Amino acid sequence: MKYAFFKGKIVPFPEAKIGVMTHAFNYGTGVFEGIRGYWNDQKSQMYILKLKDHYERLARSCKIMKIRLHNSTEDLCKITLELAKKNAYKEDIYIRPLAYKSSEVIGLGLTGLDDDLTIFLSPFGEYLDISKGIRVCTSSWWRIDDNAVPARAKITGTYVNSSLAKAEAIENGFDEAIMFSSDGHVSEGTGENIFVMRNGKLMTPPFCDNILEGITRECLIELLKNEFGIEVLERSIDRTELYIADEIFLCGTGAQVSSVVEIDRRQIGNGKIGEITKKLQKIYFDVVKGNNPKYLSWLTPVY
Ligand code: PMP
């Protein structure tokens, strides 16, 4: 039997159902997180990556969307651990907390509505092919602007934008799409932040280019600095800087560290996974699986 957290308690998964009039279902007024749990077979342990950071971002998304959380960050971490333990997976998992406007009413707005929170999880392997590098296109769909739909909040409705871009990419035979802001700056993938290496400089778009404030992005900035002495430059990036880059990688909870080997049918570097990307992948997977003692503070054991 699998379980979810729903309306304040842990219930059998089939009981976690919402009505069709639910505000968030109709208007996209929910915010969510995607958190990974990594199973370490040798240690018979599940490690949840950056649990607290994800709930802190959820709280920021809630603030933007005027969703009241009935539990503190600390409580949410505890509930998540209890739920993960009860589901008893012994493989990598993906945890999805979702806070939402739960009133069953017709009409727009954010106030005068009930708020609720659910947490569910599922087994989850690779999301993009990490081993051989991915082929991406630039999207004809712009990334949402912060003053249209707040980009730094992880809002359910926002993913219409990401889904349009992802569908276009897949239908045209690519693995993923890179989206631009309306001003032409590179923003991010459909669920990943982007890093671009050129002439010995590693760059990533700043928060004000409509990116989600990625937790993997922060992890990688820290690893690059601590482990390789590389300072990441946060600055806006143009479309054609992508074409002439030496290395590009995407990162996110789902994508982890994914090498981009081709963009708009132009080969990046020598068309193979770049040197920095390869080194970063190695250390990242060691860290998240609990095999690097220096970064155990990033992880919360379940069992
Ligand atoms: N951008 C978007 C739009 C995303 O959905 C995600 C995944 N949450 C990311 C970037 C990467 O963020 P994180 O590293 O926190 O998963």
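The structure holds seven aromatic pairs. One of them joins tyrosine 284 and phenylalanine 285, with ring centres 5.8 Å apart and planes at 80 degrees, so the pair is edge-to-face. A pair of aromatic rings is described by the distance of the centres and the angle of the planes. Here, rings of Phe, Tyr and Trp (its six-membered ring) pair if their centres lie within 6.5 Å; planes under 30 degrees apart count as stacked, over 60 as edge-to-face and the rest as tilted. Tyrosine 284 is buried, and phenylalanine 285 is buried too. Buried means under 20% relative accessible area, exposed over 50%, and partly exposed in between (1.4 Å probe, protein chains only).

This is a predicted model: local features need pLDDT of at least 70, side-chain atom pairs count only at pLDDT 80 or more, and totals for chains, interfaces and linings use all residues. Residues are numbered from 1 along each chain as its sequence is written, and side-chain values use heavy atoms, with hydrogens and water left out.

Rings also meet charges. The charged end of arginine 266 sits over the ring of tyrosine 243, 4.0 Å from its centre. Lysine 279 lies over the face of phenylalanine 228, at 4.8 Å from the ring centre. The rule asks for NZ of Lys or CZ of Arg within 6 Å of the ring centre and within 35 degrees of the ring normal.

Next comes the core. The largest nonpolar core has 28 residues, of which Val31, Tyr55, Ile95, Leu117, Ile119 and Leu121 touch the most other members. Strand 1, strand 4 (35–40), strand 5 (45–49), helix 2 (51–64), helix 3 (73–87), strand 6 and strand 7 each give two or more residues to this core. Helix 3 gives the most, with five residues. Such a core is a set of buried Ala, Val, Leu, Ile, Met, Phe, Trp, Tyr and Cys residues joined through side-chain atoms within 4.5 Å. The elements are DSSP runs numbered from the N terminus: helices are H or I with at least four residues, strands E with at least two.

Now the empty space. Rolling a probe the size of a water molecule over the atoms shows where such space is left. The search uses a 1 Å grid over the protein atoms alone: a cavity is a set of points where a 1.4 Å probe fits but cannot get out, while a pocket is an open set with protein on both sides within 12 Å along at least five of seven lines. Lining residues have an atom within 4 Å of a point. Grid points are joined across faces, edges and corners, and a volume is the space filled by probe spheres set on the points.

The largest pocket holds about 580 Å³ of space. Its lining has 32 residues, and Tyr94, Arg96, Lys154, Tyr159 and Gly191 lie nearest the centre. Strand 6 (93–101), helix 4 (159–171), helix 5 (215–228) and strand 14 (247–252) each supply at least two lining residues. By class, this lining has 13 nonpolar, 12 polar and seven charged residues. Ala, Val, Leu, Ile, Met, Phe, Trp, Tyr, Cys and Pro count as nonpolar, Asp, Glu, Lys and Arg as charged, and the others, Gly among them, as polar.

The second largest pocket holds about 260 Å³. Of its 14 lining residues, Ala16, Ile18, Leu98, Thr118 and Phe120 are the closest to its centre. Strand 1 (3–6), helix 1 (23–27), strand 6 and strand 7 (115–123) each supply at least two residues of this lining. Strand 7 gives the most, with three. The lining divides into 11 nonpolar, two polar and one charged.

There is one cavity of 30 Å³ or more. About 50 Å³ of space lies in this largest cavity. Arg36, Leu49, Lys50, His54, Ile215, Thr216, Cys219 and Thr253 line it. Helix 5 gives the largest share of the lining, three residues. Three of the lining residues are nonpolar, three polar and two charged.

Some single residues remain. Arginine 217 lies in helix 5 and is buried, with a relative accessible area of 0%. Its C-alpha atom is 6.5 Å from that of asparagine 193, 24 residues apart along the chain. Glycine 30 is found in strand 3 (residues 30–32). Glycine 30 is also buried, at 0%. Serine 44, in the loop between strand 4 and strand 5, is partly exposed at 47%. Its phi is near 45 degrees, a positive value in a residue other than glycine.
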